[in-house]
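Q: Please take a close look at one part of this model, the pairing between side chains, for a reader who is new to it. A connected account that also gives the setting would be welcome.

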Amino acid sequence: MNQMGQKIVAMIALGTLALVIGLGELRQAQAKTPYPSMAPLDQYLMDRNAEIAMARSAAPGAISRDADVLVLGRHGYETAVKGKNGFVCVVERGWMGPFDGEFALNFWNPKLRGPLCFNPPAVRSILPMTYKRTEMVLAGQSKAQIIEGIKTFIKKLPLEPGAMSYMMSKEQYLTDDGQHHWVAHVMIYTPLMDSAVWGADLPHSPVMLNPQFHGYPEPIDVFMVPVGRWSDGTPDLPAEH
């Protein structure tokens, strides 16, 4: 084989090697990001009655039975049941999680279901973020566009003191792994602060800092406190997790 032929063979070999490496990296990226983009909308929707029941399971019946209940429709969340105590129960989808990092793997996971019941201050100052993110997602906007939209939106939405929510549903589906749910807990919303003020994430402290917002882009922190029982009063046993 002449010198030119050897060069051509070498170039083909290098190109093949680069292709193999590239495909390997692509497979690794896909494995790390099982949900790289939004699935068809129907996969995020639920039977209306099932969604109402799941939303109500976020809090004890003494709270949720008199709360407004939202369901996700093709154009956003809508009120399915009108309550009278100022609380609002809703099943959030994956796009209410972090935009980047390890906790963002399920951002587009169509199976995620996060039942929450917001108290009145959270209804006025946290729930609108759910409406806004969902509105932009259903409009087909990218993560970058949603982040910019939230940055503008949040300037007109001051956080009210006392905002909190219940997340005590056995029906949580927060991960494809294991039991799919996390622990029953309540969440308290605060302005951005040093988590040490709450003793969060320190050894044996029951308080944890949720990575949900943490300033990116919403300028709030979410502190979580396990409560040890589900909304129906049954124990949330550590062995289940």
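Predicted model: local features only at pLDDT ≥ 70, side-chain atom pairs only at ≥ 80, totals over all residues.

A: A residue is called buried when its relative accessible area is under 20%, exposed when that area is over 50%, and partly exposed in between. By that rule Glu160, at 25% relative accessibility, counts as partly exposed.

The side chain of Glu160 meets that of Arg124 in a salt bridge, with 2.7 Å from N to O. Arg124 belongs to helix H4, whereas Glu160 sits in the loop between H6 and S5, so this pair ties together parts that are 36 residues apart in sequence. Arg124 has a relative accessible area of 47% and is therefore also partly exposed. In general, side chains of opposite charge can pair when their charged atoms come close.

The count of salt bridges comes to ten. One of them joins Asp42 to Arg74, and the closest N and O atoms of that pair are 2.3 Å apart. Asp42 is placed in the loop between helix H1 (3-32) and helix H2 (48-56), and Arg74 in the loop between S1 and strand S2 (76-81); the pair therefore ties together parts that are 32 residues apart in sequence. Another salt bridge is formed by Asp176 and Lys111, whose closest N and O atoms are 3.3 Å apart. Here the loop between strand S5 (164-167) and S6 holds Asp176, and the loop between S3 and S4 holds Lys111, so parts that are 65 residues apart in sequence are tied together. Asp176, at 28% relative accessibility, counts as partly exposed, and so does Lys111, with a relative accessible area of 40%.

The protein has six helices and eight strands, and 43% of its 241 residues count as buried. Its largest nonpolar core contains 35 residues, and Trp95, Phe118, Ile126 and Tyr189 have the most contacts inside it. Among the elements that give two or more residues to this core are helix H4 (120-125), strand S3 (88-92), strand S4 (114-118) and helix H6 (143-154). Apart from this core lies another, of 19 residues, which includes Cys117 as well as Ala55, Ala184 and Trp230. Ile126, leaving aside its neighbours within four places in sequence, is in contact with Phe118, Leu159, Ala163, Tyr189 and Ile220.

The protein exposes about 12800 Å², of which carbon and sulfur atoms supply 60%. Met193, Val197 and Trp198 make a nonpolar surface patch of about 270 Å². Trp198 is found in the loop between strand S6 (185-191) and strand S7 (208-210), and its relative accessibility of 31% makes it partly exposed.

Technical notes: Residues numbered from 1 in each chain as written. Heavy atoms only, no water. Helix = DSSP H or I, 4+ residues; strand = E, 2+ residues; numbered from the N terminus. Buried < 20%, exposed > 50% of the residue type's maximum accessible area, 1.4 Å probe, protein only. Areas by Shrake-Rupley, 256 points an atom, 1.4 Å probe, with all protein chains shown as cover. Patch = residues over 30% accessible without salt bridge, like charges linked within 9 Å, V, L, I, M, F, W, Y side chains within 5 Å. Salt bridge = Lys/Arg side-chain N within 4 Å of Asp/Glu carboxyl O. Core = buried A, V, L, I, M, F, W, Y, C linked by side-chain atoms within 4.5 Å. Contact = heavy atoms within 4.5 Å.
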